[in-house]
Amino acid sequence: IPGELRHYFTAVELHNLEANLARFVSTADIFPTVPDILNVEPGSREFAGVSLLRRYPRRWLTFVYNYDARFTVIDSYTGDKYVVDRARKNAIYVNLVDDPLEQRPIVIPLPHTVDKQQFLEMVDTLNPQRVAALAIQ
């Protein structure tokens, strides 16, 4: 935000915007940001995204391919990205902060075929770094 416009925003909004620059946000977050910038109520409209002037929640951005045979989830806080292949029972992991070109993927075997909801429930128990260390040995 240019200096001459900063006085239009509260300290909290500026702080949230600065913090959100480090997040993996969606283009859907632009739509709810506009009414916040204009200081107008969006009315009864519900937006899929979150205003960038508000505290951005940790959330999983999800994308589905081939009728749920493969799906991708990205952690909006850490940049952890998993591409889950249900047929192969594995997840390919990269961290988009450390490896933005996705040149060092780690294949994580999954104990069974999982759907998107099941994967989101188990994702915090996965340890990609440990899997990579075992593969090197």
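How exposed is K89, counted by relative accessibility? At 40%, K89 counts as partly exposed, meaning between the cut-offs for buried (under 20% relative accessible area) and exposed (over 50%), with a 1.4 Å probe and protein chains only.

## About the model

This is a predicted model, where local features need pLDDT of at least 70, side-chain atom pairs count only at pLDDT 80 or more, and totals for chains, interfaces and linings use all residues. Residues are numbered from 1 along each chain as its sequence is written, and side-chain values use heavy atoms, leaving out hydrogens and water.

Let's start with helix α1, residues 11-20, where E13, L14, N16, L17 and N20 are buried. They sit on the same side of α1 because they cover an arc of only 160° around the axis, going by the directions from the helix axis to the C-beta atoms. Over on the other side, A11, V12, H15 and E18 are exposed. Helices here are DSSP runs (H or I, at least four residues), as are strands (E, at least two), numbered from the N terminus.

## Two loop residues with positive phi

Back to K89: its phi is near 55°, a positive value in a residue other than glycine. You'll find K89 in the loop between β3 (80-85) and β4 (90-95).

N39 isn't a glycine either, yet it has a positive phi of about 60°. Its loop runs between α2 (30-38) and β1 (60-65), and with 70% relative accessibility N39 counts as exposed.

## D80 in β3

D80 lies in strand β3 and counts as buried, at 17% relative accessibility. Leaving aside residues up to four places away in sequence, D80 touches W60, V73, I74, D75, Y93, V94 and N95, where contact means heavy atoms within 4.5 Å.
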